[in-house]
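Trainee: I've got a protein structure open and I'd like to learn how to read it. Can you walk me through it?

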Amino acid sequence: MITGLDHVVALVRDIGAAKAAYQTLLGRTPAWQNSGEGADRVLFTLQNMTIELMAPSGFNVAADRIRALLDDREGVLASLCFRVADMGKMHRRLERVALRPDPVAEVESNDVESGAVLHWKRTRAATEWTRGVRMFFLELAEERPLSAATDAAPIDGLDHVVITTEDSDRAAALYGARLGLDLALDRSHQDWGQLMFFRCGDLVVEVVRRPVAGGDSQHDRLWGLSWRVADIDATRARLIAAGLDVTEVRNGRKPGTRIMTVRTGTCGIQTVLLERSPKPVD
């Protein structure tokens with residue numbers, strides 16, 4: 001019933017600084033901006049998903065909750081929002097698999113720049129039953145506008161979102177059996193632990209169990225984002241010219257991939273860029 005990952009929410013301390021940082025990182029303009037309910041929001045919409053930057057605004061319960069979740073950090077990944085085709089069916093499924101969804105809400109958003117309006121239906125699973133990862137489910141009435149490229153070698157889309165876990169069996173049950181995502185890979189290695197790839201539209205929800213003692217077996221954590229680029233060398237050159245600190249390009253664990261890490265300009269969010277080699281033509 002899930003058709004893709006609609007968007008990822010990143011809480012940030014300063015919406016102006018975060019907007020500028022992600023315009024540089026992505027090489028794209030914001031697609032949507034609005035304020036309300038204790039938050040300022042800037043959204044960047046790429047080929048296959050949206051990243052929503054959200055900062056506290058004013059002094060009220062909602063804004064104070066965002067500040068508490070940030071806990072003095074510059075930014076933190078806060079929630080996953082899955083796209084669904086039929087909210088009624090998705091809500092019934094969430095109830096049947098004991099994820100205790102909120103009642104379905106009708107939501108409206110106005111873009112402060114264009115005045116355009118978007119509508120969607122939304123529900124949220126109970127976080128205590130999603131292993132601590134906040135999960136929303138949306139059925140959009142109309143598509144968001146895309147973020148226009150502002151520079152050469154922009155980021156094209158998200159390749160995968162990374163979630164860390166200390167209990168891979170229960171995480172697999174959540175993302176596979178309960179949410180219905182397709183388990184495409186389950187691989188273990190003594191050095192880097194266990195990787196599970198769940199297909200979600202044309203990107204991947206990657207669940208990682210690393211061999212680290214003292215973790216929280218009851219709660220998973222949204223860890224980072226891996227962005228998809230067409231030419232990683234060109235994107236690296238663009239980011240270096242903009243003053244960002246990035247690593248050298250290296251081969252990824254998956255054959256046919258090249259990756260690099262972006263160390264600054266991400267609001268403290270773990271960020272990797274990934275280039276896939278073209279598939280050979282038969």
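**Starting from one threonine**

Mentor: Leaving aside neighbours within four places in sequence, Thr266 is in contact (heavy atoms within 4.5 Å) with Tyr22, Leu25 and Thr271. Keep in mind that this is a predicted model, where local features need pLDDT of at least 70, side-chain atom pairs count only at pLDDT 80 or more, and totals for chains, interfaces and linings use all residues. Residues are numbered from 1 along each chain as its sequence is written, and side-chain values use heavy atoms, with hydrogens and water left out.

Trainee: Is Thr266 buried or exposed?

Mentor: Buried means under 20% relative accessible area, exposed over 50%, and partly exposed in between (1.4 Å probe, protein chains only). Thr266 has 3%, so it's buried. You'll find Thr266 in the loop between β15 (257-262) and β16 (270-276); helices (H or I, at least four residues) and strands (E, at least two) are DSSP runs, numbered from the N terminus. A polar atom of the Thr266 side chain lies 2.9 Å from the backbone oxygen of Ile269.

Trainee: Which residues touch the most other members of the largest nonpolar core?

Mentor: Nonpolar side chains tend to be buried together in soluble globular proteins. A nonpolar core is a set of buried Ala, Val, Leu, Ile, Met, Phe, Trp, Tyr and Cys residues joined through side-chain atoms within 4.5 Å. Here the largest has 59 residues, and those touching the most other members are Tyr22, Phe82, Phe137, Tyr175, Leu179, Val205 and Trp227. Helix α1 (residues 15-26) gives the most to this core, six residues. Another core, of 17 residues, lies apart from it and includes Leu11 and Trp32.

Trainee: What is the strand order in the open sheet of eight strands?

Mentor: Two strands pair if DSSP finds at least two bridges between them. The order is β10-β11-β12-β9-β13-β16-β15-β14, with mixed pairing. At the edges sit β10 (182-189) and β14 (250-251), each pairing on one side only. Strands β9 and β13 (residues 221-228) run antiparallel, joined by seven bridges, and Leu158 stands opposite Trp227 in β13.

Trainee: Which residue has a positive phi of about 50°?

Mentor: Most residues other than glycine have a negative phi. Asp71 isn't a glycine, yet its phi is positive, about 50°. Asp71 is in the loop between α2 (61-70) and β5 (75-84), and with a relative accessible area of 52% it's exposed. Ala153 also has a positive phi, about 55°, and belongs to the loop between β8 (134-140) and β9 (157-164).

Key:
Polar contact = N/O pair within 3.5 Å; in protein donor to acceptor, adjacent residues only side chain to side chain.
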